Amino acid sequence: MAAHVTSSRSCYIVFGALLVLLVLTVIAAGIENHTLGIIVALLIATVKALLIIVYFMNVRFADWVTRLAVAAGFVGLIVLLAFMMSDYLTRDPVDEIETSPVTRAAPEAFEALALLHPEAFAPGISV
Amino acid sequence: MTTELLAPPERNYLSAGYTARSWLLTVDHKRIAILYMVSITLFFFVGGAAAVLFRLELMTPEGDLVISETYNKLFTLHGIVMIFLFLIPAVPAVLGNFLVPLMIGARDLAFPRINLLSWYLFMLGGALVMWSTFVGGVDTGWTFYTPYSSTYANTNVMLAALGAFVTGFSSILTGLNFIVTVHTMRAPGLRWFRLPLFIWAHYATSLIMILGTPVVAAAIFLVALERGLGIGIFDPKLGGDPLLFQHLFWFYSHPAVYIMVLPSMGVVSEIIACFSRKRIFGYRFVAMSSMAIAVIGFFVWGHHMFVSGQSVYAGLVFSFLSMLVAIPSAIKVFNWTATMHKGHVWLSTPMLYALGFIGLFTMGGLTGLFLATVAVDVHVHDTYFVVAHFHYIMVGGSVMGYLGGLHFWWPKITGRMYPEWWGRFSAVLVFFGFNLTFFPQFVVGYLGMPRRYHTYPEEFQIYNVMSTAGASILGVAYLIPLIYFIWSLKYGPRATANPWDARGLEWEAASPPITQNFETTPIVTTDAYPYAEDEQRTEETLLV
Amino acid sequence: MTGHVAHHFDDAEQQFHAANLGMWIFLATEVMFFGSLFAAYTAYRYMFPEAFVAGSHSLDVVMGTINTAVLLLSSLFVALAVNAAATNRSRAAAGFLVGAIVMGVVFLGIKAVEYADKFAHNHVPGAHFQFHRESEGEHAVDGEHHVSVNESAIPGGDFQAGHNSPDRTLEKRVELFFSLYFAMTGLHALHMVIGVVLLGIVAYQAWRGAYSQTYFTPVEVSGLYWHFVDIVWVFLFPLLYLIR
């Protein structure tokens, strides 16, 4: 069969590198800056994941179709994250809404409405 | 035609075994396709029965047939059954399962046992949904929106959601099987751009199945955690965001529309080429437009959330990207039309369905552009305009494609011909019934009738009566094929291996095919749809 | 070895390729499945950074680090098992697989201890959830620091905001963090259990000498699955345990 596998020696070297990276990520957790901390942690995790994928999972011997399949999930995930966060990152700041006269009046308006139409605010749903 | 050709092969896949065991433990992709066909037909009539009940209710403005809770459960049942248990498996799991190996000259799918497992998962999911119905129903709508589904609904949300979750895995396994099969098991000489467009469409569909379905599964998993174990993920009381559910849900459920319609587009490409006696116009563009729809389909889900509290800036991006889907869709429509141009168009039953598909899909697609425009969507969101739009895509598109494909390959699947006159009659009837049902809903929706209510103002009654009348015609039009298909199993004339004189490897196999599909592995030397070069012979041998 | 080739494949090479590709595509679906949870994590961490810091500080970094090392070691064993199977050392492959299984069980054991700790401290989301910033100091690396909760930074509004102290609000956000913690690590642990069973079957076959240079597909394919579960943890560890 044409399939190749990683040699034992490479396996041990990669494992050593993974342990070093593990120690690095724990040390890097001391970074006080929240954003920088995330970036460093994710970078180290990505390098570890790539080492596992390329060496342990033998992707370096794989054909282009397999490599495409490897990439597909991660590309899909990036699409999900990017477009979803495009919503969260650009939502109107809530403090503007909360300080607007309409929002401030909302609880009173609800109470008045509940007095007028108690049936609409009755708890529980009949089945 | 010689008489030897008319006799079916003695040992075909249907005669390989007659016991229940030979069906329930089969790993033959053709038999599994039949299992799927029977199951989704049953589910189709369950979903249809729910539609009959609420269409009757909607004949009058008052809520006189069912109370609002029952009405909510009816449209939820209709949605869940029709989408998860009928439309998503319809073309891929029935026609795709049967034809993908045949069309690429393989003996089976890459993983036959996983294929059977996927049917069992499908049936388990279906059983859970049916169970949830029998013990009282679900009223969340098929979308399971939080926090209603996770906190407030007092109905059997868990069972139904679990059903959707399990059928999702069935769909993942089908997609996985198709992709691996197309990559590894093509016949010698069958290069990528020699593949039938049906295969391209199924390949694109499979991409959506494997990348989209896990996300909705995760969303349902989180709802189940919240509802079952009280672990709040979307709970606003903890600061959770119910919109997060909608993001995860629509990341799958918008592309899921393309799971429903892309395979039907593949069917239509096959039918149009055959009954216009021409190679499909712009083959590579049609193939690539399937892939483009699958990819762009993942970039547009936010157009379901324009009025849900999503950021307006994200809304603008999603609106723009949604417009892009129109490009590959239009490429397909124009290329089908161009294929028919100066072709020898033969209005057989499958062709009538394919033409119906083009017309109705175009309507559905164009009204989709209305809905992708933020300002217009604010006006028509959650009205019957939306209902009409997606029925034009899902029923006018997917179901027409499924029925067209079923007629086209019925001789191959069963070895029998269906009655052509009845076929054409019901195809035309479906088209008229469908338009009478759903066109008035565009009007009444634009006038402001909201969806999901069982009562409505009196001035909307005329449109609803038209809709219900159309639905009755549509119901009859769906029953007619069911009757003559069953009739044809015993009384239909024997089909030859290639009754339409079509091109493609599946027509080189016997009707019905032998279990191994081909006596010897075929070798492909031409591009797909080599119709034109032997036009003369074609004219002479056509039977009708 | 035609005995291993199923009827619908032409040769062992095609079968190996199909199985391998099939597993990779399955792993792509798994990436999306776990990825959805990571997406939820991203959204909430963006919304409530303070709560995520506070919640993360109550997790045991030492146990998390040991568990990561244990899992990496199990991955090494699996990689060595594949190497052994592919070089006609089926028995050695069985040994390595057993090593991986043992490491997997150790991982699950440590995880169980951590879970028990969460139950003891009422850190399990639900009716009994409690979280007090001050009393959680024992795990905090950088000691006491004041957490300011800015209500206005919380999208979606909160009708009871006025009735809640900042501590109570933080407690709710931390509950959200723990919901994600249990959903993600629980799902990961479930995958580990499945992986242990899978490796157990393959190890048994390897012990019987079923694998050789010409046929080691099950070792390779189940190994891919195990490595994937490892990769998920490689991301979970810094994202859950190491937030500052």
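In this predicted model, Asp527(B) has a relative accessibility of 38% and therefore counts as partly exposed. The side chain of Asp527(B) meets that of Arg194(B) in a salt bridge, with 3.6 Å from N to O. Asp527(B) sits in the loop between α17 (461–491) and α18 (535–541) of chain B, while Arg194(B) sits in the loop between α7 and α8 (197–229) of that chain, so the pair ties together parts that are 333 residues apart in sequence. Arg194(B) has a relative accessibility of 13%, and so it counts as buried.

**Salt bridges**

Over all chains, a search of the whole structure finds twelve salt bridges.

| Pair | N to O distance |
|---|---|
| Asp527(B) and Arg194(B) | 3.6 Å |
| Lys30(B) and Asp28(B) | 3.1 Å |
| Arg424(B) and Glu420(B) | 2.8 Å |
| Asp241(B) and Arg91(A) | 3.1 Å |

Lys30(B) and Asp28(B) are both buried. Arg424(B), by contrast, is partly exposed, its relative accessible area being 28%. Arg424(B) and Glu420(B) both belong to helix α16 (residues 420–446) of chain B; because they are four residues apart there, about one helical turn separates them. In an α-helix there are 3.6 residues a turn, so residues three or four places apart point the same way.

**Helix α7 of chain B**

Helix α7 (residues 157–184) of chain B has 28 residues, which at 1.5 Å a residue should span 40 Å; the end C-alpha atoms are 41 Å apart, in agreement with that. Of these 28 residues, 25 are buried, so α7(B) is largely enclosed by the rest of the structure.

**Chain A and chain B**

The contact between these two chains takes 17 residues from chain A and 25 residues from chain B. About 1,700 Å² is buried between chain A and chain B, and carbon and sulfur atoms give 70% of it. One salt bridge is found across this interface, and Asp241(B) forms a salt bridge with Arg91(A). There are also six residue pairs in polar contact between the two chains. On the side of chain A that touches chain B, nine residues are nonpolar, five polar and three charged.

**Chain C and chain A**

Here 59 residues of chain C are in contact with 50 residues of chain A. The area buried between chain C and chain A is about 4,600 Å², with 78% given by carbon and sulfur atoms. In chain C, the residues that lose the most area to chain A are Trp24(C), Leu72(C) and Arg244(C), together 14% of what that side buries. Between chain C and chain A the count is zero salt bridges and five residue pairs in polar contact. Helices α1 (12–47), α2 (49–57), α3 (61–86) and α6 (217–241) of chain C each supply at least two residues of the side that touches chain A. α1(C) gives the most to that side, with 20 residues. By class, the side of chain C that touches chain A has 38 nonpolar, 14 polar and seven charged residues.

**Helix α6 of chain C**

The 25 residues of α6(C) should span 36 Å at 1.5 Å a residue, and the end C-alpha atoms are 36 Å apart, which agrees. α6(C) is mostly covered, with 24 of its 25 residues buried. His227(C) has its place in this helix and counts as buried, at 1% relative accessibility. Apart from its neighbours within four places in sequence, His227(C) is in contact with Ile52(A), Phe56(A), Met57(A), Ser75(C), Val78(C) and Ala79(C).

Notes:
Residues are numbered from 1 along each chain as its sequence is written. Chains are lettered from A and ligands numbered from 1 in the order in which they are written. This is a predicted model: local features need pLDDT of at least 70, side-chain atom pairs count only at pLDDT 80 or more; totals for chains, interfaces and linings use all residues. Side-chain values use heavy atoms; hydrogens and water are left out. Contact means heavy atoms within 4.5 Å. Buried area is the accessible area (1.4 Å probe) that two parts lose on being put together, summed over both. A salt bridge is a side-chain nitrogen of Lys or Arg within 4 Å of a carboxyl oxygen of Asp or Glu. A polar contact is a pair of N or O atoms within 3.5 Å; within protein, one must be able to donate a hydrogen and the other to accept it, and residues adjacent in sequence count only if both atoms are side-chain atoms. Ala, Val, Leu, Ile, Met, Phe, Trp, Tyr, Cys and Pro count as nonpolar, Asp, Glu, Lys and Arg as charged, and the others, Gly among them, as polar. The expected span of a helix is 1.5 Å times one less than its number of residues. Buried means under 20% relative accessible area, exposed over 50%, partly exposed in between (1.4 Å probe, protein chains only).
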